[in-house]
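Take a look at the sequence and the structure below. The paragraphs after them go through the model step by step.

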Amino acid sequence: MKCKNAETLISRDFDGLLAVEEKEALERHLKECSSCQERMEDYSFMIETLRDQDFPEVKAYFWERLQSRLKEQRIYDVWSLWKRWSLRAVPLSIVAVIILALGLVLFLPQPKEELSQTEALLLRNSLPYPETLTFLEEEGTENKGMQIIFTAMEEKQDTRRYIP
Amino acid sequence: MEESKLVQQSIHGDEEAFGALVKKYKTKVFNLAFGLTRDRETADDLAQEVFIKAYYALGKFKFKSGFGTWLYRIAVNHIKDHLRKTKKARHISFEDLHKESRLSEEEIHRRENAREKERRIKLLHQALQALPEKHQIILTLRDVQGHSYEEIASMLRLSPGTVDSRLHRARKMLRAKIAPFLSQEGVNHEM
């Protein structure tokens, strides 16, 4: 048997996994091989020390401490959820405001512009300036000018309109 | 009460039922953490974190394995993460022990047996902690905690054949680390 194989058998022997023939072969090898005897002693020290070790007591109030940590964790979870969503909410609200503003501008019904008196008359196919016809027809430039001045003054005083 | 009932009730938010499960498994989880860290405070902290993780993962438990196996799987993964994060520090402490071991060689005959035994055990544990996580974990599960190959296979999601080969590889590596110190000092296997 080679020493490399013997080491595997030594290790497996501590787990009670060797067949009778394997165990006998290992024992024969150990009788002849001093380095494997040393190996066996090292394994024995290692495995027995690990198996026989003492453990300290679990610290007091394990469950009570765990309960309070679970509570803290729950509060932390709610807070971190809020933080995560609030951070996402900032850009989302900006986008929402922009979309809303665009919607208002584009889709709200615009107030109808009131027609001027002239436009209203034109719409009804009426002549918008019958009053001006008289002084437009006036041939004399001086008379035409005077009539325009008097009409403007009367409109300012808002007393009566010029009736030709 | 049956364990599966306690698990069912815990899934539905019954904190008392979860408390009963904690009471049942706290020592095993703590010992696993202590076996791998050799520090009571750290082991306590890790054990608490394991139960917190388990509490929040209860909804994912599908009763395909025993609750203990499932909990151990969480514990092993959590402790493995911790070991990975603290690997550098552990490596340094093993180096320190190496120096200490060489220094003490000169005074070895003046030391009392009990103190010597303590020191060798410490050396072994430091060597264990200096192994790669997967070897450290399998040695702890088998040699410290005494789990069967099948249990370990289920916890680590490995085949029993892989457990067997990894365990023997881990033992070989551990021996390679401590053998120089043991042969220097002469192991008293009667101790």
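Of the 191 residues of chain B, 35% count as buried. Keep in mind that this is a predicted model. Chain B has nine helices and zero strands.

Helix α4(B) covers residues 67-85, and helix α8(B) covers residues 149-156. Their axes come within 8 Å and cross at roughly 65°. The crossing of α4(B) with α8(B) is right-handed. Which residues of α4(B) and α8(B) meet? From α4(B) come Thr69(B), Tyr72(B), Arg73(B) and Val76(B). From α8(B) come Glu151(B), Ser154(B), Met155(B) and Leu156(B). By class, this contact has four nonpolar, two polar and two charged residues.

Now turn to the place where the chains touch. Here 29 residues of chain B are in contact with 26 residues of chain A. On the side of chain B, the elements that give two or more residues are α2 (15-37), α3 (40-57), α6 (113-129), α7 (133-144) and α9 (160-185). That side of chain B has 14 nonpolar, seven polar and eight charged residues.

Next comes chain A. Its mean pLDDT is 81, and 84% of its residues reach 70 or more. Where in chain A is confidence lowest, and where is it highest? Confidence is lowest in helix α6(A), residues 133-137, at a mean of 66. It is highest in helix α2(A), residues 20-32, at 93.

Helix α3(A) spans residues 34-51 and has 18 residues. From its first C-alpha to its last it reaches 26 Å, close to the 26 Å expected at 1.5 Å a residue. Several residues of α3(A) are buried, including Cys36(A), Met40(A), Phe45(A), Ile47(A) and Leu50(A). Arg39(A) and Asp42(A) in α3(A) are buried too.

Two loop residues deserve a look at their backbone. Most residues other than glycine have a negative phi. Tyr61(A) is not a glycine, yet its phi is positive, at about 55°. It lies in the loop between α3 and α4 (62-107) of chain A. Is Tyr61(A) buried or exposed? Tyr61(A) counts as exposed because it has 10 C-beta neighbours inside 10 Å. Arg38(B) also has a positive phi, near 60°. This residue is found in the loop between α2 and α3 of chain B. Arg38(B) has 17 C-beta neighbours inside 10 Å, so it counts as partly exposed.

How values were computed
Residues are numbered from 1 along each chain as its sequence is written. Chains are lettered from A and ligands numbered from 1 in the order in which they are written. This is a predicted model: local features need pLDDT of at least 70, side-chain atom pairs count only at pLDDT 80 or more; totals for chains, interfaces and linings use all residues. Axes are lines fitted to C-alpha atoms, for helices over the stretch in contact, and angles run from 0 to 180 degrees between N-to-C directions. Helices (H or I, at least four residues) and strands (E, at least two) are DSSP runs, numbered from the N terminus. A crossing is left-handed if the near helix is turned anticlockwise from the far one by less than a right angle, and right-handed if clockwise. Two residues are in contact if their C-beta atoms, placed from the backbone, lie within 7 Å. Ala, Val, Leu, Ile, Met, Phe, Trp, Tyr, Cys and Pro count as nonpolar, Asp, Glu, Lys and Arg as charged, and the others, Gly among them, as polar. A residue is buried if 20 or more other C-beta atoms lie within 10 Å of its own, exposed if 12 or fewer, and partly exposed in between; C-beta atoms are placed from the backbone. pLDDT is the predictor's confidence in each residue, from 0 to 100. The expected span of a helix is 1.5 Å times one less than its number of residues.
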